[in-house]
Amino acid sequence: MKRWIVFISLLFLAACEQEHAGASGEQEIATAPWTEQQLADTNSRMNQIDDKMKQLEQELAKIKVAADSPQVFKDVPIDHWAYVHVVRLYRQNIVGGVGNGLFAPNQAITRAQAAAMLVRAFQLPLSTKPSIFTDVPNSHPFAREIMTAYEAGFFGGYPNNRFAPKESMKRKHMAMVIQRAFRLQATSAPYAGYKDVNERTQGALEIRIISQHGIAQGSNGYFFPEQPTTRAHFATFMDRALQIK
């Protein structure tokens, strides 16, 4: 809605300028190239306004979270880039620490931990079925969360009925899981792509989709699909996805 208000306002101003320019002489009908250029300029200005609004919203969110709650984890201070996302999920009981008041933001998140976070985020009732995975005994601390996430279609398994609960989640797999869990679809939003992602990359479509929704942004034109997803990054992706849920 905000974008349309800005869009209409800018077009109105452009039309007024055109009318004023032709007031002293014979008025001309706007040509197609002129109209296209005006639309392109307007869209560019709208994107700039959107970027500034997002920056302001992020700063306001950080101020609000900081005001509402003190520092939760020793290793995620208020000036940490993921502070807002981590604290917001903590307050919703979606994430917890690793002990001793630490969150371990740079530690790779495991598939089991990611499954548990998603189950909590969607407030799904825990499965009562026995584990079907050979490497997830029923005594595993996240056995019920893993089965719940599997039954919900968030995760698949590996050959030989393995789940690999301790395996770190690669960024490409994170994109696939987030897209599935939140049922995100491709949009008409601009997508510049990434230098290290092509049509042969596993999860390329899902990477595009979560990027179009502003959940992932990459770094300097790279997505690093094969790298592990850190706990701070996964919390950030989860929080952003929940904002558009």
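**Aromatic contacts, close up**

**View 1. Arg 111 over Phe 163.** The charged end of Arg 111 sits over the ring of Phe 163, 4.4 Å from the ring centre. "Over" means NZ of Lys or CZ of Arg within 6 Å of the ring centre and within 35 degrees of the ring normal. Phe 163 also belongs to an aromatic cluster with Phe 133, Tyr 150 and Phe 155. This is a predicted model: local features need pLDDT of at least 70, side-chain atom pairs pLDDT 80 or more, while totals for chains, interfaces and linings use all residues. Numbering runs from 1 along each chain as its sequence is written, and side-chain values use heavy atoms, without hydrogens or water.

**View 2. Arg 231 over Phe 103.** Here the charged end of Arg 231 sits over the Phe 103 ring, 4.4 Å from its centre.

**View 3. Phe 122 with Phe 154.** The structure holds ten aromatic pairs (Phe, Tyr or six-membered Trp rings, centres within 6.5 Å; planes under 30 degrees apart are stacked, over 60 edge-to-face, the rest tilted). In Phe 122 and Phe 154, the ring centres are 5.3 Å apart and the planes at 45 degrees, so the pair is tilted. Phe 122 lies in the loop between helix H4 (111-121) and helix H5 (143-151), and Phe 154 in the loop between H5 and helix H6 (171-182), so the pair ties together parts 32 residues apart in sequence. Helices are DSSP runs (H or I, at least four residues), numbered from the N terminus.

**View 4. Phe 122 with Phe 182.** Ring centres of Phe 122 and Phe 182 lie 4.9 Å apart with planes at 50 degrees, so this pair is tilted.

Definitions and conventions
Helix = DSSP H or I, 4+ residues; strand = E, 2+ residues; numbered from the N terminus.
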